[in-house]
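These are my notebook entries on a structure I had not looked at before. I wrote down each thing as I looked it up.

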Amino acid sequence: MEKAVEVVVVAVVTFLCFFFTFVGLVIGRSDFSVAEFNLHRRLNSEGLCSQLIQPAGYPCSEHITQTKDGYILGLQRVSSRSGDIEVNPGPPILLQHGLFQGGDAWFLNSEEQSLGFILADQGFDVWVGNVRGTRWSHGHISLSENDKEFWDWSWQELALNDLTEMINYIYSITNSKMYFVGHSQGTIMALAAFARTDIVDKVDAAALLCPISYLGHISAQFVLRAVGTHLDQMILAMGIHQLNFRSDIGVHLINSICDGHIDCNDLLTSLTGKNCCFNNSHVDFYLEYEPHPSSSKNLNHLFQMIRKGKFAMYDYGWWGNLKQYGVFQPPAFDLSSIPSSLPIWMGYGGNDALADVTDLEQTVNELESKPELLYLESYGHIDFVLSVEAREDVYNHMIDFFRSWGKSSSS
């Protein structure tokens, strides 16, 4: 088993070296301006609404907002097939995706199985968040995606800049507090951001799927091997700043690795844990949308959490931390700063190899509030978003939680 995992790690490193060298040669041209590039991209690429949501019969509108550090984020607003969100909006709810995912993750199963569609049909004013670097967001006001500075961020910036801006934007449009649903990385972002009073005051209640703030007890064998071989640091040392697995070359290499060499279903298990209710027959369709890009620095930050067992800001090293934070060690995020008045619901699984039960218990113990918990022994990390049984197993319970708290008056 160890030799097989080593082969996979080496294959990934080889693929990253080859892929990013090729991409640098192909798109390293600079014969047009950043502004022209970003404008061309926004005008000529189809959005999530037109690609996935409107074809299912749901009204959907595209929105953009800009973070304080210049990233242009895309959001989608979705309502039920029988309603007009502009005339009679329900309670707003923000859906925040996980690592290597985008807002499409909430709509990849049927209308009866996908959380985004289910919430819209239940009368919620559904807002879909997309962080920087994903294909449903729109670049940066001055940086190109070919610039290494474009990818100089981790989930810390996603929490304090992206999520903060999305919540503020939705509040400015609806003039109403909102519900929040996050999965995996989306929960890290929420737990970091909700310690800020100006943000949490705009949230009525939060549901966290596969919640993560500590990663000291993960059991995903592929991930542990990658951490042990310092794959994240190797990638950064090679000058690779963007992690993007969707080029033609990348798809070809991944297919060649899987074809006759590795059972990719087992590879998914080694990455996330065994998923009970994931529809394998839909994998080709899922891969039309996933995975989305992320940054190497983000992966490095997550691996720092695994190595140190802490929920803390990015570690730049002693001198880097002193310049960035004014102290030698990166400051920790204080979960006890999240107000006890914020209702929190958490769904987690016994087969989840990333959001480990021991780590979740530490998170719960540090919170001032007492979250409502839903534990599903057979569920893995992906099941909470893509299980064909999730409506009955997970989503109905979540919706009941939101309904039980009602909707706070606008403030």
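**Entry: salt bridges**

I started with Asp121, which forms a salt bridge with Arg81; the closest N and O atoms are 3.4 Å apart. This pair links distant parts of the chain, with Asp121 in helix 4 (residues 115–121) and Arg81 in the loop between strand 2 (72–78) and strand 3 (92–96), 40 residues apart. The model I am reading is a predicted one. I looked up the accessibility of both partners. Asp121 is partly exposed at 37% relative accessibility, and Arg81 is partly exposed as well, with a relative accessible area of 43%.

How many salt bridges does the structure hold? I noted nine.

Next I took Lys297 and Asp152, whose side chains meet in a salt bridge at 2.9 Å, N to O. Here, too, distant parts of the chain are linked: Lys297 belongs to helix 13 (residues 296–308), while Asp152 sits in the loop between strand 4 (125–129) and helix 5 (155–174), 145 residues apart. Are the two partners buried or exposed? Lys297 has a relative accessible area of 7% and is therefore buried, since buried means under 20%. Asp152 is partly exposed, at 48%.

I also checked Arg196, which forms a salt bridge with Asp198, the closest N and O atoms being 3.0 Å apart. Arg196 counts as partly exposed at 28% relative accessibility, and Asp198 counts as partly exposed at 38%.

**Entry: disulfides**

I searched the whole structure for disulfides and found two. Cys49 and Cys60 form a disulfide in which the sulfur atoms are 1.9 Å apart. What does this pair tie together? Cys49 lies in helix 3 (residues 48–53) and Cys60 in strand 1 (residues 60–66), so the pair ties together parts that are eleven residues apart in sequence. The link of Cys49 and Cys60 is left-handed, with -60 degrees about the S-S bond. I noted both Cys49 and Cys60 as buried.

The other entry is a disulfide that joins Cys276 to Cys277, with an S to S distance of 2.5 Å. The torsion about its S-S bond is about -90 degrees, so this disulfide is left-handed. Cys276 is partly exposed, with a relative accessible area of 34%, whereas Cys277 is buried at 17%.

I looked up Cys210 too, and it is buried with a relative accessible area of 0%.

I traced an open sheet formed by eight strands in the order 1-2-4-3-5-6-9-10, with mixed pairing. Which strands stand at the edges? Strand 1 and strand 10 (372–376) do, each with a single partner strand, so one side of each has no neighbour in the sheet. From one strand to the next, the twist averages 20 degrees.

Inside this order I looked at strand 6 (residues 203–209) and strand 9 (residues 344–349), which pair in the parallel sense over four bridges. Leu209 stands opposite Gly347 in strand 9.

**Entry: a surface patch**

Last, I looked at the surface. Trp318, Trp319, Leu322 and Phe328 make a nonpolar surface patch of about 500 Å². I placed Trp318 in helix 14 (residues 318–325). Trp318 counts as exposed because its relative accessibility is 56%, and exposed means over 50%.

Terms used
Residues numbered from 1 in each chain as written. Predicted model: local features only at pLDDT ≥ 70, side-chain atom pairs only at ≥ 80, totals over all residues. Heavy atoms only, no water. Patch = residues over 30% accessible without salt bridge, like charges linked within 9 Å, V, L, I, M, F, W, Y side chains within 5 Å. Areas by Shrake-Rupley, 256 points an atom, 1.4 Å probe, with all protein chains shown as cover. Salt bridge = Lys/Arg side-chain N within 4 Å of Asp/Glu carboxyl O. Helix = DSSP H or I, 4+ residues; strand = E, 2+ residues; numbered from the N terminus. Buried < 20%, exposed > 50% of the residue type's maximum accessible area, 1.4 Å probe, protein only. Disulfide = S-S within 2.5 Å. Pairing = 2+ DSSP bridges. Axes fitted to C-alpha atoms, helices over the stretch in contact; angles between N-to-C directions.
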